Amino acid sequence: MEPRPVQIVTITEDHKFVLDEKKLKEILYHHKAHGKKVALVSIAGDFRKGKSFLLDFFLRYLRAKDAKDWIGKENEPLKGFDWRGGAGRHTTGMLMWSEPFLMSLPSGEEIAVLLMDTQGTFDSNSTVFENAFIFALTLLVSSVTVYNIMHNLQEDNLQHLSFFAEYGVLAIDAYQTSPFQQLSFLVRDWQFEYETPYGFEGGEEILSQRLLIRPNQHRDLELVRSRLRQCFRKVNCFLMPHPGLKVTNRRDFDGRLEDIEKDFKDQLNKLVPDIFRSDNTNFVKEINGEQITSTQLFEYFRTYCAVFASGDLPSPKAMLE
């Protein structure tokens with residue numbers, strides 16, 4: 001069959017989640033991945049904010065195998081993970097691309113690279129538990145998590161991470177390493193380029209401002225800031241321009257580059273290759289400080305989902321035992 005997005009986690013109508021072990025195993029035991037170390041790049045964030053649209057550019061880059069013209073032809077429709085405009089949510093549960101991509105590390109070792117799309121959070125149909133489950137599982141199984149947010153990096157974006165910072169602190173105490181590897185804030189539709197430039201340079205400036213600990217700051221706000229860089233081995237931020245009104249306002253938009261603003265395409269050419277840098281020490285997935293294979297990742301998926309199966313958020317201690 002042609003490579004395609006595969007539903008590996010389903011959220012039922014009564015707000016329970018189901019891991020499709022058979023489909024997940026077909027991907028993680030794929031002949032391209034079997035026995036190889038693995039990198040899993042995921043995207044998370046609020047619903048209807050262009051996550052699946054962005055993932056399809058990730059697909060283009062991986063298919064092009066690092067070619068300079070990876071971004072494609074001006075009149076080429078964008079295909080891969082399903083996406084569409086509109087106000088209602090589209091992706092539900094968690095989806096993984098059915099075929100791994102192969103990439104070589106600087107050492108020459110070949111690894112398997114996987115892509116995962118996640119249900120948008122905080123829509124009218126999602127419970128607090130669903131949102132927390134999707135976000136927690138994404139952070140725990142991914143080597144790189146792109147946290148897709150709109151317009152600005154705000155306090156509520158940091159607060160969503162506060163619960164997971166507890167896991168990081170406990171893991172550091174227990175294993176001298178954090179379970180979380182790379183967190184990349186991607187600020188979409190950045191409106192203040194005249195003050196702070198697009199890209200990683202401007203993103204680092206904004207991130208530094210938001211994580212600054214100020215005198216007389218509330219203890220909860222101080223804890224989130226002090227622990228964030230400690231609990232993730234790498235935290236960065238990228239400021240992305242608006243893709244243009246043809247993208248957001250036209251019902252028949254199908255992802256052609258000719259309909260996307262030049263600034264957006266220029267920044268894509270900077271963002272995407274950086275996410276898949278094989279010399280990034282956080283790129284290969286690790287558990288307790290050890291790089292793991294795709295088949296080991298399958299077992300961790302099962303373990304983490306089993307912990308959440310009760311329908312209650314487990315304590316950080318329970319997740320690490």
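## Before we start

Helices (H or I, at least four residues) and strands (E, at least two) are DSSP runs, numbered from the N terminus. This is a predicted model, where local features need pLDDT of at least 70, side-chain atom pairs count only at pLDDT 80 or more, and totals for chains, interfaces and linings use all residues. Residues are numbered from 1 along each chain as its sequence is written, and side-chain values use heavy atoms, with hydrogens and water left out.

Let's look at the second largest pocket, whose volume is about 340 Å³. Its centre has Leu-62, Arg-63, Lys-65, Phe-101 and Leu-102 as the closest of 15 lining residues. A pocket here is an open set of points on a 1 Å grid over the protein atoms alone, where a 1.4 Å probe fits, with protein on both sides within 12 Å along at least five of seven lines; lining residues have an atom within 4 Å of a point. Grid points are joined across faces, edges and corners, and the volume is the space filled by probe spheres set on the points.

Helix H2 (51–64) and strand S5 (101–104) each give at least two residues to this lining. By class, the lining has nine nonpolar, one polar and five charged residues. Ala, Val, Leu, Ile, Met, Phe, Trp, Tyr, Cys and Pro count as nonpolar, Asp, Glu, Lys and Arg as charged, and the others, Gly among them, as polar.

## H2 meets H9

H2 also packs against helix H9 (residues 262–275), at an angle of about 65° and with the axes 10 Å apart. Axes are lines fitted to C-alpha atoms, for helices over the stretch in contact (heavy atoms within 4.5 Å), and angles run from 0 to 180 degrees between N-to-C directions.

Which classes of residue make up the contact of H2 with H9? Eleven are nonpolar, with no polar and no charged residues.

## H1 meets H10

The axes of helix H1 (residues 21–28) and helix H10 (residues 294–308) come within 9 Å and cross at roughly 160°. H1 and H10 are therefore roughly antiparallel (over 145 degrees).

Definitions and conventions:
Angles under 35 degrees count as roughly parallel, over 145 as roughly antiparallel, 65 to 115 as roughly perpendicular and the rest as oblique.
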